[in-house]
Amino acid sequence: MSSCDQRRLFDRPARSGTRAMFGVALIAALIGGCADGSGFRPLYGPTGSGASMQSALASVEIAAIPSRVGQRIRNELIFQNTGGGDAAPREYRLQIGIKESLNSSLVKGTGEALSQVYNLEAIFTLVRISDKKVMLKGNSYARAEFERFHQIYSNVRAKEDAENRAANQIADDIRTRIAIALSRNKV
């Protein structure tokens with residue numbers, strides 16, 4: 001083995017050690033940046049005001065939403081926010097409007113649709129009741145596909161199941177986005 005080969009052999013651990021030290025320093029810097037409260041915060045930990053996330057979510061009043069699907073979204077949000085228990089004193093009001101549509105897919109040459117896609121869009125606004133300040137505004141979308149059958153009842157039930165799946169997706173998305181907004185809220 002030449003002296004040049006021996007140098008390369010001994011330099012490798014030094015280089016990999018330098019990389020490891022750089023990686024440790026980088027991780028320490030990233031974690032240290034979170035110490036001031038502006039960085040990473042667990043979503044379901046204490047909110048910016050110090051209240052628990054569960055009590056903050058339970059303080060959200062959910063306005064009535066028209067239609068069967070709207071009622072399904074509202075009921076799911078109420079259950080997710082309160083856990084089936086009593087609601088906290090109301091600090092926020094959530095208003096939701098929905099748009100529904102149905103698209104046919106897999107259409108035969110005869111014009112008969114073999115499946116359909118149920119589309120649901122929710123437009124929501126979270127308002128702080130005390131000063132009417134808009135805390136969060138957004139849209140949420142969900143799609144659920146279902147098959148078409150020759151029996152009428154089967155079609156009705158398949159569409160209803162698709163509506164329920166889409167409503168649950170919307171409720172989960174809105175709840176997560178509200179939790180994010182409330183976790184940042186310092187008032």
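1. R68, V69, R72, I73, E76, L77, Q80 and N81 in α3 are in contact (heavy atoms within 4.5 Å) with E160, E163, N164, A167, N168, I170, A171, D172, I174 and R175 in α4. By class, the residues of this contact are 7 nonpolar, 4 polar and 7 charged. Here Ala, Val, Leu, Ile, Met, Phe, Trp, Tyr, Cys and Pro count as nonpolar, Asp, Glu, Lys and Arg as charged, and the others, Gly among them, as polar.

2. A word on provenance. The model is predicted: local features need pLDDT of at least 70, side-chain atom pairs need 80 or more, and totals for chains, interfaces and linings use all residues. Numbering runs from 1 along each chain as its sequence is written, and side-chain values use heavy atoms, without hydrogens or water.

3. Now the geometry. Helix α3 spans residues 68–82 and helix α4 residues 152–184; they pack at about 45°, axes 9 Å apart. Axes are fitted to C-alpha atoms over the stretch in contact, and angles run from 0 to 180 degrees between N-to-C directions. The pair is therefore oblique, a class left after roughly parallel (under 35 degrees), roughly antiparallel (over 145) and roughly perpendicular (65 to 115).

4. On the overall fold, the chain has 4 helices and 4 strands. These are DSSP runs: H or I of at least four residues for helices, E of at least two for strands. Their order is α-α-β-α-β-β-β-α.

5. On burial, 31% of the 187 residues are buried (under 20% relative accessible area, 1.4 Å probe, protein chains only). Among contacts with a separation of 6 or more, 65% join residues 24 or more positions apart.

Technical notes
Buried < 20%, exposed > 50% of the residue type's maximum accessible area, 1.4 Å probe, protein only.
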